[in-house]
Amino acid sequence: MAALISRRFAEESVQFLGKKVSIETSDNKTYSGILTGLNEKFDLILDHVDSQQIQKLMINGLFVKEVKLLEKPFDLKALSERLSRVFPGLVKIREDVGAIIVMDKIKVTESGIEEGSGLSASRVKAIYDEFLRESKN
């Protein structure tokens, strides 16, 4: 049970990477920026830190009190369901790495198609592009 909970926590934490977050520390300081790194000790790396003329900031996990996601997370499940309508039984969602695998050869992430080529990959890209357009509206 503990392993399942840890895995689920890690999956949720991955969704924060690359997104704008607000971090409050135990000494009541607050930083906002793009979360570019975190580890199992909850040590964090922020890029493009708002104000304070800081370009990059590393925070020791022992001092992290709270992390707030300031952007809407990418809906990997909704995209997976849409892809499954076109590729039934051939779509696997890997939330632990933030990816969808189509036909065991096409890898799709929030950033787009990262692996795969050919007609199937072109179809997946078209579905991904349509999904992004609709999500922004």
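**Exercise 1. State the accessible surface of the chain and the share that belongs to carbon and sulfur atoms.**

Step 1. The accessible surface comes to about 8,900 Å². Areas come from the Shrake-Rupley method with a 1.4 Å probe, and for residues only the protein chains shown count as cover.
Step 2. Carbon and sulfur atoms hold 53% of this surface.
Step 3. Note the basis. This is a predicted model: local features need pLDDT of at least 70, side-chain atom pairs count only at pLDDT 80 or more, and totals for chains, interfaces and linings use all residues. Residues are numbered from 1 along each chain as its sequence is written, and side-chain values use heavy atoms, without hydrogens and water.

**Exercise 2. Describe the chain as a whole: its box, its burial and its charges.**

Step 1. The C-alpha atoms fill a box of roughly 55 × 40 × 25 Å along the principal axes.
Step 2. Of the 137 residues, 30% count as buried. Buried means under 20% relative accessible area, exposed over 50%, and partly exposed in between (1.4 Å probe, protein chains only).
Step 3. There are 21 positive and 21 negative side chains. Lys and Arg count as positive, Asp and Glu as negative; His and the chain ends are left out.
Step 4. The centres of the two sets lie 3 Å apart. Each charge is placed at NZ of Lys, CZ of Arg, CG of Asp or CD of Glu.

**Exercise 3. Work out the strand order of the open sheet and find its edges.**

Step 1. Count the elements. The chain has 3 helices and 9 strands. These are DSSP runs numbered from the N terminus: helices are H or I with at least four residues, strands E with at least two.
Step 2. The open sheet takes 5 strands in the order 4-3-2-1-5, with antiparallel pairing. Two strands pair if DSSP finds at least two bridges between them.
Step 3. Strand 2 (residues 30–38) and strand 3 (residues 44–47) are joined by 4 bridges. The partner of I34 in strand 3 is D47.
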